[in-house]
Amino acid sequence: MNRKIYREIARKHGVSVTEVKRDMQEAIDEAYKNPTFHAWCVYSKDEKPTIDEFVEHLARRVKTENK
């Protein structure tokens, strides 16, 4: 995963990369407490995706939808 993405988000919001990743993980954890069909469409090695797996899924979707 390109770490530049996290640095850019952190810079834009005036927070640390650690905070960005923590908040993203909290959002994923919350979403997977009561997952919808769309949540299960995200490839992951475990029950819920890592931050990197989730971002990669979103990037693929954006790329596919913009063709």
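Buried means under 20% relative accessible area, exposed means over 50%, and partly exposed is in between (1.4 Å probe, protein chains only). This is a predicted model, where local features need pLDDT of at least 70, side-chain atom pairs count only at pLDDT 80 or more, and totals for chains, interfaces and linings use all residues. Residues are numbered from 1 along each chain as its sequence is written, and side-chain values use heavy atoms, with hydrogens and water left out.

**View A. Tyr-32 and Trp-40 make the one aromatic pair in the structure.** Rings of Phe, Tyr and Trp (its six-membered ring) pair if their centres lie within 6.5 Å; planes under 30 degrees apart count as stacked, over 60 as edge-to-face and the rest as tilted. Here the centres are 5.6 Å apart with 90° between the planes, so the pair is edge-to-face. Tyr-32 is buried at 14% relative accessible area, whereas Trp-40 is exposed at 52%.

**View B. Lys-21 puts its charged end over the ring of Tyr-6.** The distance to the ring centre is 4.9 Å. To count, NZ of Lys or CZ of Arg must be within 6 Å of the ring centre and within 35 degrees of the ring normal.

**View C. Lys-21, Met-24, Gln-25 and Ile-28 of α2 touch Ile-51, Phe-54 and Val-55 of α4.** Contact means heavy atoms within 4.5 Å. Helices (H or I, at least four residues) are DSSP runs, numbered from the N terminus.

**View D. Arg-3, Ile-5 and Tyr-6 in α1 meet Ile-51, Asp-52 and Val-55 in α4.** Ile-51 and Val-55 also take part in the contact with α2.

Conventions: Helices (H or I, at least four residues) and strands (E, at least two) are DSSP runs, numbered from the N terminus.
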